[in-house]
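Please keep the structure open beside it as you read.

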Amino acid sequence: MPKTPLRAAAAIGGTADDIEAAFYEALQRGDIDALMACWADEDEVFCVHPGGPRLVGATAIRAAFEQMFGNGAIHATPARVRKIESLASAVHNVLERIEVLTAEGPKHAFVLATNVYHKTVEGWRLVAHHASPGSAREPSESSDLPQTLH
């Protein structure tokens with residue numbers, strides 16, 4: 001498969017941020033090839049859509065996104081990104097603002113997603129995407145509350 005500009009840029013020195021931007025741009029364009037170019041070429045990559053099952057492997061992930069794109073592009077815009085990064089991995093927690101077309105016109109829904117990136121021989125690539133069920137209201141952010149485990 002010939003290298004796309006995305007793959008070439010990532011191999012030369014792109015960042016996890018570059019792959020994340022390319023991922024959301026591909027969603028907004030409904031471009032399955034560009035979207036799949038963001039994923040690592042590994043058997044254990046996984047994706048969980050809001051309320052959906054765990055999809056393991058590129059074939060399952062591609063099929064799910066192709067089905068979603070059958071209804072049109074996904075107008076998801078990342079916001080309020082929180083990052084933990086190291087030399088070879090990065091974890092981004094993202095508030096996705098999603099535009100949904102309703103009978104009353106466009107409305108917004110909000111989803112919290114976690115994107116995990118690894119630095120591979122091809123450059124930075126997405127290895128996991130996990131999205132929470134959506135809500136009509138933007139979730140608040142609480143960092144000063146007492147910490148409890150589950």
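1. Let us begin with N115, which is buried, with a relative accessible area of 0% (buried means under 20%, exposed over 50%, partly exposed in between, with a 1.4 Å probe and protein chains only). N115 has its place in strand β5; strands (E, at least two residues) and helices (H or I, at least four) are DSSP runs numbered from the N terminus.

2. A word on the source: this is a predicted model in which local features need pLDDT of at least 70 and side-chain atom pairs count only at pLDDT 80 or more, while totals for chains, interfaces and linings use all residues. Residues are numbered from 1 along each chain as its sequence is written, and side-chain values use heavy atoms, with hydrogens and water left out.

3. What surrounds N115? Leaving aside neighbours within four places in sequence, its contacts (heavy atoms within 4.5 Å) are E20, Y24, A90, V91, H92, V94, L126, A128 and H129. With Y24, the side chain of N115 makes a polar contact of 3.2 Å (a pair of N or O atoms within 3.5 Å; within protein, one must be able to donate a hydrogen and the other to accept it, and residues adjacent in sequence count only if both atoms are side-chain atoms).

4. Y24 is one of the buried residues of helix α2, which also include E20, F23 and L27. The 14 residues of α2 (residues 16–29) should span 20 Å at 1.5 Å a residue, and the end C-alpha atoms are 20 Å apart, which agrees; the expected span is 1.5 Å times one less than the number of residues. At the helix start, a side-chain oxygen of T15 comes to within 3.2 Å of the backbone nitrogen of D17. After α2 comes G30, with a positive phi near 70 degrees.

5. Now for the sheet, which is open, with 6 strands in the order β2-β1-β6-β5-β4-β3 and mixed pairing (two strands pair if DSSP finds at least two bridges between them). β2 (54–56) and β3 stand at the edges with a single partner strand each, so one side of each has no neighbour in the sheet.

6. Two antiparallel pairs are worth a look. Strand β5 (residues 105–120) is joined to β6 (residues 123–131) by 8 bridges, and A113 has A131 as its bridge partner in β6. β3 (residues 76–85) and β4 (residues 89–102) are also joined by 8 bridges, with a hairpin of 3 residues leading from β3 to β4.
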